[in-house]
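Here are my notes after a pass through the model. Have a look at the structure first, then go through the points in order.

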Amino acid sequence: MGQKTHPKGFRLGVILTWDSQWFAPSKYYGDLVFEDRIIRKHIKRKLYNAGISKIEIFRKAQLIQVNVHTVRPGIVVGKGGQGLETLKNEIINLINRKDIVVQINVLEVTKADLDAQLTSEAIAQQLERRVAFRKAMKQAMQRAMRAGAKGVKVMVSGRLGGNDIARTEWLREGGIPLHTLRADIDYGYATSKTVFGIIGVKTWIYKGQITPGEMPQKNIRPVSSESLQEEEQEHGRRKRKRRYKE
């Protein structure tokens, strides 16, 4: 029987680094790990529609720096930065530490089709809308390959198509060298809550080999005012289009 390991955890310290980076004495360590979990859970739940790919947390003295990787930065920032201020206050109230300073940085994901977490969530949302699972998987794989991926694997598990017996189905295109530590493989997991039960979606996206001393190419960029304006205009166009259809 094959022994499975997490593709990101397997590569930590080799080509990948930790999403939480800080040091604490042993007596405070457990509390701070729990704080990180609360912060991530709250941001993900509140801003799920913003397409949150990853949340990085850095700590230094009384400062907590949170880097939010998102496809739609305008939803996170809000009008005139009100969204960020509200989010900061909510985080401070959640962890119940008034002496803490929270700083939130928003980073835009440039290619959503090359992000495994966002791809998994997109497939999960399609399954909730009762799209055929094979169609959703194939479309996601084709988009990732067109975006520049060298290999994609998608796996879904559960009562697929409403069948009484749960099963696992998977599709693969290109190569996915899971045993190679230098292989830049992005991994994402999402759950789809359908009327038949929960369906799990896993995605692996292979982006190429990393040579020694080199770091993986980051699929992000700092948020600029121009990108926010473009997103607001696009959001307005979509709203008008929906109204016209109705």
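1. Let's begin with Arg59. Its side chain comes to 3.5 Å from the backbone oxygen of Leu32. The side chain of Arg59 also makes a polar contact with the side chain of Asp36, at 2.7 Å. Bear in mind that this is a predicted model.

2. Where does Arg59 sit? Its place is in strand E2, which runs over residues 52-60. Buried or exposed? Arg59 has a relative accessible area of 16%, and since the cut-off for buried is under 20%, Arg59 counts as buried because of that value.

3. If you skip neighbours within four places in sequence, Arg59 is in contact with Gln21, Trp22, Leu32, Glu35, Asp36, Ile64 and Arg97. Leu32 and Asp36 are the partners from point 1.

4. Next, Leu107, which belongs to strand E4 (residues 101-109). Leu107 is buried as well, with a relative accessible area of 15%. Setting aside residues up to four places away in sequence, Leu107 touches Asn67, Val68, His69 and Thr70, and also Ile220, Arg221, Pro222 and Val223.

5. One more distance for Leu107: what separates it from Arg72? In sequence the two are 35 residues apart, and in space their C-alpha atoms are 9.5 Å apart.

6. The largest pocket holds about 1400 Å³ of space. Its lining has 46 residues, and the closest to the centre are Lys8, Asp19, Ser53, Lys54 and Asp186. By type, the lining divides into 19 nonpolar, 13 polar and 14 charged residues.

7. Which element gives the largest share of that lining? Strand E7 does, with nine residues. E7 covers 183-194, and at least two lining residues each come from E7, helix H1 (7-10), strand E1 (20-21), helix H2 (26-46), E2 and helix H5 (116-128). E2 is also the strand that carries Arg59.

8. Finally, the overall picture. The protein has seven helices and nine strands. Of its 246 residues, 39% count as buried. Among contacts between residues at least 6 apart in sequence, 64% join residues at least 24 apart. The accessible surface comes to about 15100 Å², and carbon and sulfur atoms account for 52% of that.

Key. Residues numbered from 1 in each chain as written. Predicted model: local features only at pLDDT ≥ 70, side-chain atom pairs only at ≥ 80, totals over all residues. Heavy atoms only, no water. Helix = DSSP H or I, 4+ residues; strand = E, 2+ residues; numbered from the N terminus. Buried < 20%, exposed > 50% of the residue type's maximum accessible area, 1.4 Å probe, protein only. Polar contact = N/O pair within 3.5 Å; in protein donor to acceptor, adjacent residues only side chain to side chain. Contact = heavy atoms within 4.5 Å. Areas by Shrake-Rupley, 256 points an atom, 1.4 Å probe, with all protein chains shown as cover. 1 Å grid on protein atoms, 1.4 Å probe; cavity = no way out; pocket = protein on both sides within 12 Å on 5 of 7 lines; lining within 4 Å. Points joined across faces, edges and corners; volume = space filled by probe spheres on them. Nonpolar A, V, L, I, M, F, W, Y, C, P; charged D, E, K, R; others polar.
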